[in-house]
Amino acid sequence: MIALERRLEVSRFWLYATPVLAVGLTILSGAVMFAALGFDPLEALHAYFILPISDLYGLSELTVKATPLAMIAVGLALGFRGNVWNIGAEGQLILGAITGGGVALAFYGVEGPWLLPLMLLGGMVGGAFWAAIPAFLKVRFNANEILVSLMLTYVAGLLLVYLVTGPWKDPMGFGFPQSRLFHDSATLPTLFENSRMHIGFPIALFAVVVSWFVVSRTLIGFQIKVVGLTPPAAGYAGFSSSKVVWVTLLTTGALAGLAGVIEVSGPIGQLTPSISPGYGFTAIIVAFLGRLHPVGILLAALLMALSYIGGETAQIVMRLPLAVTGVFQGMLLFFLLASDVLAHYRIRFGSRRSEEG
Amino acid sequence: MESLAPIVLSVIAAATPLLFAAMGELVVEKSGVLNLGVEGMMLGGAVVAFIVGVETGNGMLAAAAGAAMGMALAFLFAIMVLGLLANQVATGLALTLFGIGLSALLGRGYVGTPLPALPKLYVPGLTDIPVLGPIFFGQDGLVYLSIVLSGAVAWFLYRSRAGLILRSVGENPSAAHAIGYPVIRIRLLAVLFGGAMAGLGGAFLSLSYTPMWAEAMTAGRGWIALALVVFATWQPGKVLLGAYLFGGLTLAQLHLQSMGIIHIPSQFLNMTPYLATIVVLVVISRDAARIRLNAPASIGKVFHPDG
Amino acid sequence: MRDVTKRFPGCVANDHVSLDLERGEIHALLGENGAGKSTLVKILYGVQHADSGRILWEGEEVEIANPAAARTLGIGMVFQHFSLFETLSVADNVALALSRGTGRDPALVAEIKRLSNEYGLALDPDRIVYELSVGERQRVEIVRCLMQDPKLIIMDEPTSVLTPAEVDKLFDVLRRLKADGRTVLYISHKLQEIRDLCDRATILRGGKVVDSCDPSQETPNSLAAMMIGRSFDGPKIGKPVHTEDGDALLTVEGLSMEAASPFGTSLKNICLSVRPGEVLGIAGVAGNGQNTLLAALSGERIAQRDDWVRFEGKSIGRVGARGRRDMGIVFVPEERLGHGAVPDLALEENALLSGWGRWKLVRRGLISFSKTREKAEQVISAFGVVSAGSGAAARSLSGGNLQKFIIGREIMQDPKLLIAAQPTWGVDAGSAAAIQTALVDLARSGAGVIVVSQDLDELFTISDRVAVIFDGHLSESRPTHATSAEDVGLLMGGLFETPTEATPA
C-alpha cells in the first residue's frame, strides 16, 4: 500500500527540485507526443528548444517574449501568495494596451520625450483600473475574483476589437482592423541594432528586483503571505485581507497594463485585435513554475518565452502545429502541480503507521 | 404565436451547453471538489465529438465520444487533486489551459470542415403540432438528455441515499470518513460525472448549436457555467432556471443585433453574457449566510484522512 | 462478550496495549492527552489500523477493516468532536450512520422517535443540525449509535461539552444502557466522573497500559498519580491582590453582536469589567457565544458602537485588533494552529505575527529579522518551549509547546490586559500547570487577565471572579471564593437572570 504522510515541514530540496523534474517530464511527454503525431521526436525537440536560441537574434527575441511574462507573473505571484486569484491578467494587459495606445493615438504626430513615459503611465492606470473592478466587487460584495476577472478579459477583448474596427481604425489601413502605426516618439526604443530587444526587458528586471524586496523584506509582503496561508491568523494579527486584495490586484493590474502598452509600443507598434498570444494566461504558469519566487519567475519566464518561439520555429522548420505550444504549457503546469506532492508529503510504501489523533 | 416557436427553440439551444456543464459541476462541487477546468473539458468534448461526428456521421456515437473525452480530462484532474492532493484552483486552471491547447491540436485538421446535420427528433403527428410540437418533440436528442439528466441530478441529490452520502462528503469529509464512507472514491465518481457532463455540453456546441469546430469555440461558457452554480446557490432547480435565463439573454442579444433597430456596435452586445455573469455574481455573493447554508462546506479544500 | 483483547506491538501511539471489556460494564479508559486513548479507540472502531496485535470479539479473532465492519460486529461510537453534518437533518444524519435509507424514510423516523423516548433523549428528527445546541447534538450522536443496537458503545470525552446537569442526565442514560447488558467504553481524563460512573478503569500512559483498578476504591489523587506517573503539584498560584476599589481596566457595557456565521451564537447585552491585577474567568458550555465574545474583545470584529467597549476610560468598540494590541490588549485564541499561529511558518515569523508592533520589529515597512529572531528565542527560553529552534515550523511543535510559545509571546509583550481562550485545552498536565502559573503571575504583576474556558476546575484554580456565558448572555460575576462549582454549573444551564440594566458584571 502506498500512503502519503504529511511532512511537518515543507521539504526545501523538493520545493526547488520539482520545477526541474516537471520540465524533464514535460520534455519526455513532448517527445512521446511528437512521435505520436508522426514527427521525429529528437528533431522536433531540437527545433523546439535548441534551434530558436542558437543565435543572438533568437536570444534577443527570448527577452522580448519573456518581458510581459515576467512582468505579469511577479504581480500574479504576489496575489497567489495572498490567495487572491486574479486570472484576468490577459484582460488587464489588453486594457493597458488600449489606454496606453490611446495616449499614443491622441498625441499622434506630436514629438517629445514626455510622450512615452505618459503612455507607460496610461497603460499602468488602465490595467490597474481593470483589476480594480474585481478588487472592489470582492471586497464589497464578496464576488469571486476568479470569475469576475476572467469575464472582464472577454469584455476587454471585445472592447479592443470595437476600437480597432471602429473609432480608432487606421483611415489608410485598407479596411484592416488595426490602428495607425505609432509615430517615433510613441515607439519604444530598442537596445541594440538589428534586434527587437527593447527597454521593456530592463523594466521587467526592475519589477523582479522590487518584488523580491517586497516579498522578503517588507511588512506588506509578510501580511500577504499570512493572509494567503491562514486567514484567521491574519485577522488575529490585525492584517486586513481587503487591503491585501486591493494591493495585489492593483499591482498585478498595473504590471499587466504596463506589459500591454510595452507590447503595442514596442514589438507590435500599433493596436490590432490580437496583441497577445495569451501572455496573461501563460504568466499563471510562469508564476507557479517559478515557485512564486521572483528569481524563479524570471527563469520560468525565459523558459516559457522559449516555448513560444520554439513553437513558431518548429512550425516553420517542421510544420509542427502551433497548438503544440499550448499543450506543452498546460502539461508543464500539470506536472509541476503533481510533483508538488513530494514537497509537502512523504511517500511511504508498506503499511501506514497510525499517528496519535 | 407562430414566431414564438423558433424563439423558444433557440433559447433552449443556447441554454443546453450551459445546463450540461453547470449540472455536472454542481454534482462535483456538492462532493466538495472545485473543478475550474470546465472550459477545458467542454473544449475537449467539443473537438472529439466533432471529429467522431465528421468521421462516422453518427450523432450518438459523437456525443458519447465527447462525454468520454470530458471524463478523461476530469480523470486527469482527479488524479492530481484527489490522488496527489494538488491545489484545486491551480489544477483547474491547468486543466483549462491544457484543454485549450489539446483541443486546438486535435482539431487542427477540422477547422472549417462542414458537419453533416444530425437528425432531430421527429415524432409523426406530435412534432407537427404548431408551436408546442417542435418545442417538445422536434429537437436534438441532446436537449432532451440535458433535461432528463437535470431531473436525474435533482432526484439523485435530494431523494436518493447515494446523493445523501455525496452531500455528506461535501459537507464534512472527515466525519464521512469516520463513519466509513470512501471519501476519495465518491469524489472521484463525482468528478468523472462532471467531466462527462462538460464533455456533453461541448459536444452539443460543436454538433448542434454551431455545427463546426473553431479553436476556443466555447467562448467562456465553461466559466459562465461555474458562475451559474454560484448563482443557483448549489440548487439543481435554480441551475436549470439560470441556464435558461442565460440562454434567453444570449438570444435577445443576437436578435437585437440582427434586427439592427438600435445602433449599438455588435461588440458591446456580445459583452452582455459576461457582464451579466458579473452582475449575477455580485447580487448572489452579497448574501453570505444563504451561501453558507447551501454551499458544500469543504469545497476546494484538500482532504487527507490523517489531517 | 468475553475477553476482548487487543495488542499492538511495535507502535509508538499504542505499545503492546491489552484491554479486556466485560459484558454489561462501564469501563473507563483513562489517560492524559497524548497517552494514546484516541488511537486505541480509532483502531477498535476501524478508523485506523494496528500494525500488529489481535482483536478478539466474543472469543473469536476479528479483523475490523473499517467502521462499517465495526458496526456490523456491534460496536458503536460517540465522537469527541462531533461528526455530524451541520446542514443535514437529524434523520439524515442518523441514516448516514446506518447502511440503509435516507432521512425521508418513515420507518427510520419512527424508530428515532421510539429510541429517543425510551432513553429520554428528546429529539426532533426533522430539525437541521446547525440549529441544535451542543447537548442536543450529543443526543443525536447517541441515538445514531443506539440505532445500530450496539453491544459495545465507545464514548470519547462525552462530558467535556456538557453542563453538570446534562452530565447527570447522560450518566442516567449510560447506566440504563449498562442495565440492558451493553458495554460502555468511557474515555476521559476527568477523575471524579470516572469514580462516580465506572466499574473498572484501565490507565494509559505514553501509549502503554500502566495500571488498572476499580475507580470507586481510589481517590482522585491516586488516579491522577497513576495517570501522570508521578505525584503532581498543581500550578503555583500567587496570593490575590485585591483592588476592589481600583478603576476598571476594561469595561463592556450593553454589547450586542451578530454571530459571524449563521451557525454561531449572537451576543446579547453583554456587561463585564476587569480590574488590573485580577483574573476574570468566563465559564460556559461551548457554542454559547464564546467565539463571538472573544472576537469582540480582541477587536477581530468591531462593535456597532464605540462606547460598548472601554479600555482605560477610552471608548474602543470600533478599534480593530491591531489598534487594541497597540494599546496593550493581547490575545491568546482557542485554536493554536491556524489562528494563534500560522502552521507553515517558523516560530520567529509567528513571533512577528503578533509582536511586530509592540516589539517594534518593523521600521518604515521593513522587517528587522535579527530582532525578530532574538525575540522568538527569548520566548522559547523563558517559557521552556521544546522545539528545534526559532526556525522550526509552528506545525512541528506539540500542542503544549506551541501553546507555551503563544502564551509566552503574548506575555512578553508587556500587556495591560491579556485575553485567553481555553489556554490549557488539550495540553499535557505539566505544560498546563506552567501556563496557569504564568497567567496568574501576569495578573499579580498588575495586568488584567480574562480567561474563557469550559474547564471549571481550571477557572476555580486561577480566577478571582467567575461569570458564565449562556446563549449569548453573560451572567453577573461572583468572587470565586464565595461560590461553588455547583452554583456555576446551574448558571451554565442558563439558570440566571439576564441583566436588564447596564450593570457591569
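How many helices and strands does the secondary structure of chain B come to? Chain B has 14 helices and zero strands. Helices here are DSSP runs of H or I with at least four residues, strands are E runs of at least two, and both are numbered from the N terminus.

This is a predicted model, in which local features need pLDDT of at least 70, side-chain atom pairs count only at pLDDT 80 or more, and totals for chains, interfaces and linings use all residues. Residues are numbered from 1 along each chain as its sequence is written, while chains are lettered from A and ligands numbered from 1 in the order in which they are written.

Start with chain B. Its pattern along the sequence is α-α-α-α-α-α-α-α-α-α-α-α-α-α. Of its 307 residues, 53% are buried. Buried means that 20 or more other C-beta atoms, placed from the backbone, lie within 10 Å of the residue's own. Take the contacts in chain B between residues at least 6 apart in sequence: 79% of them join residues at least 24 apart. A contact requires C-beta atoms, placed from the backbone, within 7 Å.

One helix pair in chain B deserves a look. H10(B), residues 221-231, packs against H13(B), residues 272-285, at an angle of about 25°, with the axes 9 Å apart. Axes are lines fitted to C-alpha atoms, for helices over the stretch in contact, and angles run from 0 to 180 degrees between N-to-C directions. H10(B) and H13(B) are therefore roughly parallel; that label covers angles under 35 degrees. The crossing is left-handed, meaning that the near helix is turned anticlockwise from the far one by less than a right angle; clockwise would be right-handed. From H10(B) come B:Ile224, B:Ala227, B:Val230 and B:Phe231, which meet B:Pro273, B:Thr277, B:Val280, B:Leu281 and B:Ile284 of H13(B). By class, this contact holds eight nonpolar residues, one polar and no charged. Ala, Val, Leu, Ile, Met, Phe, Trp, Tyr, Cys and Pro count as nonpolar, Asp, Glu, Lys and Arg as charged, and the others, Gly among them, as polar.

Now turn to chain A. H4(A), residues 89-106, and H10(A), residues 241-268, pack at about 55° with their axes 6 Å apart. That makes H4(A) oblique to H10(A). The crossing is right-handed. Among the residues that meet here are A:Gly96, A:Gly100 and A:Gly101 in H4(A), and A:Gly253, A:Gly257 and A:Gly260 in H10(A). The residues of this contact divide into eleven nonpolar, nine polar and one charged.

Chain A also touches chain B. There, 40 residues of chain B are in contact with 41 of chain A. H4, H10, H12 and H13 of chain B each give two or more residues to this side. H4(B) has the largest share, twelve residues. The side of chain B that touches chain A divides into 28 nonpolar, nine polar and three charged residues.

Chain C meets chain A as well. Here 37 residues of chain C are in contact with 23 of chain A. The largest share of the chain C side, four residues, comes from H1(C). By class, that side has 17 nonpolar, 13 polar and seven charged residues.

Next, the sheets of chain C. Strands of a sheet pair through backbone hydrogen bonds, either parallel or antiparallel. Pairing here requires at least two DSSP bridges between two strands. Six strands form an open sheet with mixed pairing, in the order E4-E5-E6-E1-E7-E8. E4(C) and E8(C) are the edge strands. Ignoring direction, neighbouring strands are turned by 20° against each other on average. E1(C) and E6(C) pair in the parallel sense over five bridges; C:Leu30 has C:Ser188 as its bridge partner. H5(C) packs on the sheet, touching E4(C) and E5(C), with its direction at about 175° to that of E4(C). H6(C) lies across E1, E5 and E6 of chain C, at about 145° to E6(C).

E7(C) and E8(C) pair in the antiparallel sense over five bridges. They form a hairpin with two residues between them, and C:Gly206 in the turn has a positive phi of about 55°.

A four-strand open sheet of chain C has the order E10-E9-E12-E13, with antiparallel pairing. E10(C) and E13(C) stand at the edges with a single partner strand each, so one side of each is left without a neighbour in the sheet. Three bridges join E9(C) to E12(C).

Technical notes. Parallel < 35°, antiparallel > 145°, perpendicular 65-115°, else oblique. Contact = placed C-beta atoms within 7 Å. Buried ≥ 20, exposed ≤ 12 C-beta atoms within 10 Å, placed from the backbone.
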